[in-house]
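Colleague: I would like to learn how to read a few features of a protein model. Could we take them one at a time?

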Amino acid sequence: MSASSASSVSSAPYVRRKGTVGPARAAPCGPGATGALPHPAGPRLLTGWGRTAPTGARVLRPRTRDEAVAALRSCGARGGIARGLGRSYGDAAQNAGGTVLDTTALDRVLALDAVTGTVTCEAGVSLHRLMTVLLPLGWFVPVTPGTRYVTVGGAIGADIHGKNHHISGSFTRHVRSMDLLTADGQVRTLTPGSELFDATCGGMGLTGLILSATFDLLPVETSVMSVDTERLPDLDTLLATLTATDHRYRYSVAWIDLLARGTAAGRAVLTRGDHAPLSALEGASGRLARAARREPLAFRPGRLPPPPRTLPDGLLRAGTVGAFNKFWYHKAPLRRRGELQRLASFFHPLDGLPHWNRIYGGTGFVQWQCVVPHEADDALRRVVRLLSRRSCPSFLAVLKRFGAAGPGWLSFPTEGWTLALDIPAGLPGLDGFLDRLDEEIAAAGGRLYLAKDARMRPELLTAMYPRLDDFRALRAEVDPRGLFTSDLARRLAL
């Protein structure tokens with residue numbers, strides 16, 4: 001990091017990183033090392049963001065690498081699993097009767113090269129914090145999901161994707177190296193192309209504890225987005241439009257009305273755009289444009305008050321969601337070009353409402369996300385028709401177009417169409433209905449996203465993830481006692 005780069009970010013706790021780390025080394029735990037864990041917490045009841053299937057675990061929150069090693073050694077017979085900000089929807093960051101390693105205190109940004117655009121940070125740093133630090137310097141994270149409240153370790157473990165997968169791939173495509181604490185107490189520096197690197201990318205924390213990572217950033221001129229929006233009458237029109245024109249946009253996502261039927265089935269609002277250049281602000285009218293001209297790289301996302309802690313079950317029924325969907329579809333412009341939007345509104349609209357997952361009531365909700373190959377689009381049409389006939393009350397249904405798959409053995413994104421939706425968990429007959437959808441996706445050569453799964457049958461996994469046996473074999477080699485484990489791992493026999 002150059003002297004000028006260091007001085008420009010002196011307000012944050014940066015540490016210059018010197019030297020390199022070898023392929024494997026023992027973490028220091030001798031005299032003088034701060035290996036004792038601070039205030040070990042008692043058992044806590046944990047859930048994913050969907051608030052289903054709570055289980056109890058002892059939670060430890062290491063603040064240093066030494067404390068991470070000490071925490072690992074104290075996991076006990078039920079093992080341990082890393083947990084960041086708890087945004088996996090299912091049980092990936094739960095470990096019933098065992099230990100959960102809360103990584104959020106490992107939150108230092110270690111180095112930043114503001115010239116070439118690379119950052120090194122600990123695994124507990126959130127994308128929100130990175131955006132707060134990096135945007136004023138003209139840099140943005142290479143990939144962001146629908147929330148910025150995920151950690152870097154979670155972004156690698158789930159190999160997150162965003163609206164730009166068709167252009168930029170998933171998060172780990174941009175990772176240059178990572179430090180991984182494995183079950184033997186060694187810290188290994190992994191680089192792309194190695195088997196352990198590929199198994200860790202999308203490996204759901206089961207190969208070890210990610211301690212830090214170095215990855216590339218995206219240069220931007222402003223913190224404003226230039227956005228095109230259009231309303232499309234049905235699923236066929238949506239797929240045709242994305243196929244013909246999606247390559248023109250860095251970011252692309254379609255909201256789908258899954259309650260519309262007949263010729264309107266799959267009608268959508270398609271939103272696409274890119275980071276606005278400085279030239280887009282010249283002559284633009286409106287409050288946002290005026291503010292952006294004064295401070296082009298300012299990042300001050302607003303937040304609304306959170307919903308009540310308890311809301312009645314059944315609030316999101318087919319009738320209420322159907323009315324919302326109809327309003328949302330007709331509210332959208334038929335076609336609008338070059339609208340300036342705040343970055344937070346474009347990427348993370350729900351982050352403005354803290355604890356929005358409470359709106360589903362006490363039973364929580366299931367997030368279901370699939371991907372099918374482009375040539376299997378008929379399977380996607382069948383799934384949309386089934387959801388429409390079932391009147392699934394989903395108002396957060398989105399469709400995107402994925403580009404080429406990355407190297408991660410259990411990484412979810414692969415070239416094709418991906419559909420994600422939320423469904424209240426208390427919906428009668430939901431398990432059997434989703435089993436049918438799972439089978440439809442597996443038969444079409446598709447797969448489900450492990451970071452969102454809460455109930456998939458394990459026998460479908462082999463068909464969905466061709467390198468599953470390789471993952472299991474490597475995991476047995478680097479962690480023969482199964483020290484790293486989770487409720488997800490036990491449920492799916494990972």
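Modeller: Start with the lining of the largest cavity: five residues are nonpolar, two polar and three charged. Here Ala, Val, Leu, Ile, Met, Phe, Trp, Tyr, Cys and Pro count as nonpolar, Asp, Glu, Lys and Arg as charged, and the others, Gly among them, as polar. This is a predicted model: local features need pLDDT of at least 70, side-chain atom pairs count only at pLDDT 80 or more, and totals for chains, interfaces and linings use all residues. Residues are numbered from 1 along each chain as its sequence is written, and side-chain values use heavy atoms, with hydrogens and water left out.

Colleague: What is a cavity, and which residues line the largest cavity?

Modeller: On a 1 Å grid over the protein atoms alone, a cavity is a set of points where a 1.4 Å probe fits but cannot get out; lining residues have an atom within 4 Å of a point. Grid points are joined across faces, edges and corners, and a volume is the space filled by probe spheres set on the points. This structure has four cavities of 30 Å³ or more. The largest cavity holds about 50 Å³. Its lining includes Trp368, Tyr449 and Arg455. Strand E17 (residues 365–372) gives the most to that lining, with four residues. Strands (E, at least two residues) and helices (H or I, at least four) are DSSP runs, numbered from the N terminus.

Colleague: How many disulfides does the structure hold?

Modeller: A disulfide is a pair of cysteine sulfur atoms within 2.5 Å. The structure holds zero. Cys201 is in none; the nearest cysteine sulfur, in Cys121, is 14 Å away. For Cys370, the closest cysteine sulfur is that of Cys392, at 13 Å, too far for a bond.

Colleague: Is Cys201 buried or exposed?

Modeller: Buried means under 20% relative accessible area, exposed over 50%, partly exposed in between (1.4 Å probe, protein chains only). Cys201 is buried, at 0%. Cys370 is buried too, at 1%.

Colleague: Why is strand E6 called largely enclosed?

Modeller: Because four of the five residues of E6 (residues 109–113) are buried.

Colleague: Which strand pairs with E6, and in what sense?

Modeller: Two strands pair if DSSP finds at least two bridges between them. E6 pairs with strand E7 (residues 118–122) in the antiparallel sense, over four bridges. Val109 stands opposite Cys121 in E7. The two strands form a hairpin with four residues between them. In the turn, Gly117 has a positive phi of about 80°.

Methods. On a 1 Å grid over the protein atoms alone, a cavity is a set of points where a 1.4 Å probe fits but cannot get out, and a pocket is an open set with protein on both sides within 12 Å along at least five of seven lines; lining residues have an atom within 4 Å of a point.
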